[in-house]
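User: I would like to learn how to read a model like this one, feature by feature. Please show it first.

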Amino acid sequence: EGKDVIEEITYEGFGPDGVAIIVETMTDNKNRSAGEVRSTFSKFNGNLGVSGCVRHNFEKVGLISYSKEICSFEVFFEFCAGFDVNDVTENDNSFDIETNSESFNYVLENIEKKFLIPKFSELDWKPVNLIEITNEEQAKTLLKLLEALEDLDDVQNVASNFNINEALMEKIIWTKKKK
């Protein structure tokens with residue numbers, strides 16, 4: 001029976017305010033998957049676009065993250081600097097590396113030789129340009145849309161290029177908690 005073929009399909013569309021959204025799915029049923037993604041977009045003032053319609057708003061990058069316990073940042077940085085990486089940053093509890101999609105596997109293999117398995121590593125869509133959302137209603141709708149897309153069974157990853165400033169974000173979270 002050939003029905004167990006799992007396909008990776010990437011959908012592209014727009015949310016409220018023209019926010020670009022990329023939805024990566026893995027499915028054994030293209031029609032079901034496309035239908036669910038399309039209806040989720042329309043339910044929250046978005047629309048599914050044609051393949052390639054929003055991709056130019058993103059670049060595909062590799063992200064590799066290690067716990068800070070492995071060594072000092074200096075040692076980590078020095079080691080990573082020997083490879084073709086875009087960026088190495090120190091955050092509150094992790095060291096994070098960003099690579100371009102082409103060098104991701106090579107960098108990952110070599111870093112694993114020294115520091116073993118990372119906390120996480122993945123290829124992701126990084127927004128090239130951000131759309132500021134300042135309207136509270138639009139922001140709420142957009143967040144509901146992204147949440148609904150992430151909740152679909154076939155969806156593996158959702159990326160979008162919006163920015164909601166902290167004050168507005170807190171306001172939304174606060175009103176959500178009150179309900």
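Analyst: Start with the element names: helices (H or I, at least four residues) and strands (E, at least two) are DSSP runs, numbered from the N terminus. This is a predicted model, in which local features need pLDDT of at least 70 and side-chain atom pairs count only at pLDDT 80 or more, while totals for chains, interfaces and linings use all residues. Residues are numbered from 1 along each chain as its sequence is written, and side-chain values use heavy atoms, with hydrogens and water left out.

User: Where is N45 found, in those terms?

Analyst: N45 sits in the loop between α1 (30-43) and β3. N45 has a positive phi of about 55° although it is not a glycine. For accessibility, buried means under 20% relative accessible area, exposed over 50%, and partly exposed in between (1.4 Å probe, protein chains only). N45 counts as exposed, at 51% relative accessibility.

User: Which loop holds L116?

Analyst: The loop between α3 and β7. L116 is likewise not a glycine, yet has a positive phi of about 60°, and this residue comes just after α3. L116 is exposed, with a relative accessible area of 60%.

User: How do I read a sheet? What is the strand order in the open sheet of 4 strands?

Analyst: Two strands pair if DSSP finds at least two bridges between them. Here the order is β5-β6-β4-β7, with antiparallel pairing. β5 (85-90) and β7 (120-127) are the edge strands; each has a single partner strand, so one side of each is left without a neighbour in the sheet. From one strand to the next, the twist averages 25°. β5 and β6 (residues 94-100) run antiparallel and are joined by 5 bridges. Within this pair of strands, T89 stands opposite D96 in β6.

User: Which strands does helix α2 touch?

Analyst: Contact means heavy atoms within 4.5 Å. Helix α2 (residues 73-81) packs on the sheet and touches β4 (58-67), β5 and β6. Axes are lines fitted to C-alpha atoms, for helices over the stretch in contact, and angles run from 0 to 180 degrees between N-to-C directions. The direction of α2 makes about 175° with that of β5. Helix α3 (residues 104-115) also packs on the sheet, touching β4, β5, β6 and β7, and its direction makes about 5° with that of β4.

User: Which residues of α3 are buried?

Analyst: F104, V107, L108, N110, I111 and F115. They pack against β4, α2, β5, β6 and β7.

User: Now salt bridges. How many does a search of the whole structure find?

Analyst: Side chains of opposite charge can pair when their charged atoms come close. The criterion is a side-chain nitrogen of Lys or Arg within 4 Å of a carboxyl oxygen of Asp or Glu. The search finds 9. One of them joins the side chains of E12 and R55 at 2.8 Å, N to O. The pair links distant parts of the chain, 43 residues apart: E12 is in strand β1 (residues 7-14), and R55 is in the loop between β3 (47-48) and β4. E12 is buried, with a relative accessible area of 1%, whereas R55 is partly exposed at 32%.

User: Which residues are linked with E136 in a network of salt bridges?

Analyst: E137, K140 and K171. E136 and K140 have their closest N and O atoms 3.4 Å apart. Because they are 4 residues apart in helix α4 (residues 136-151), about one helical turn separates them. Both E136 and K140 are buried. K171 meets E136 with closest N and O atoms 3.1 Å apart. K171 lies in helix α5 (residues 166-178) and E136 in helix α4, so this bridge ties together parts 35 residues apart in sequence. K171 is partly exposed, at 44% relative accessibility.

User: Last, the nonpolar core. Which residues touch the most other members of the largest one?

Analyst: In soluble globular proteins, nonpolar side chains tend to be buried together. A nonpolar core is a set of buried Ala, Val, Leu, Ile, Met, Phe, Trp, Tyr and Cys residues joined through side-chain atoms within 4.5 Å. The largest has 22 residues, of which Y11, I21, V23, V37, F41 and L149 touch the most other members. β1, β2 (20-27), α1, α4, β9 (155-160) and α5 give two or more residues each, and α4 gives the most, with 5 residues. Not counting residues up to four places away in sequence, the contacts of Y11 include I21, V23, V37 and L48. A second, separate core has 16 residues, among them F76, C80, V85 and L108.
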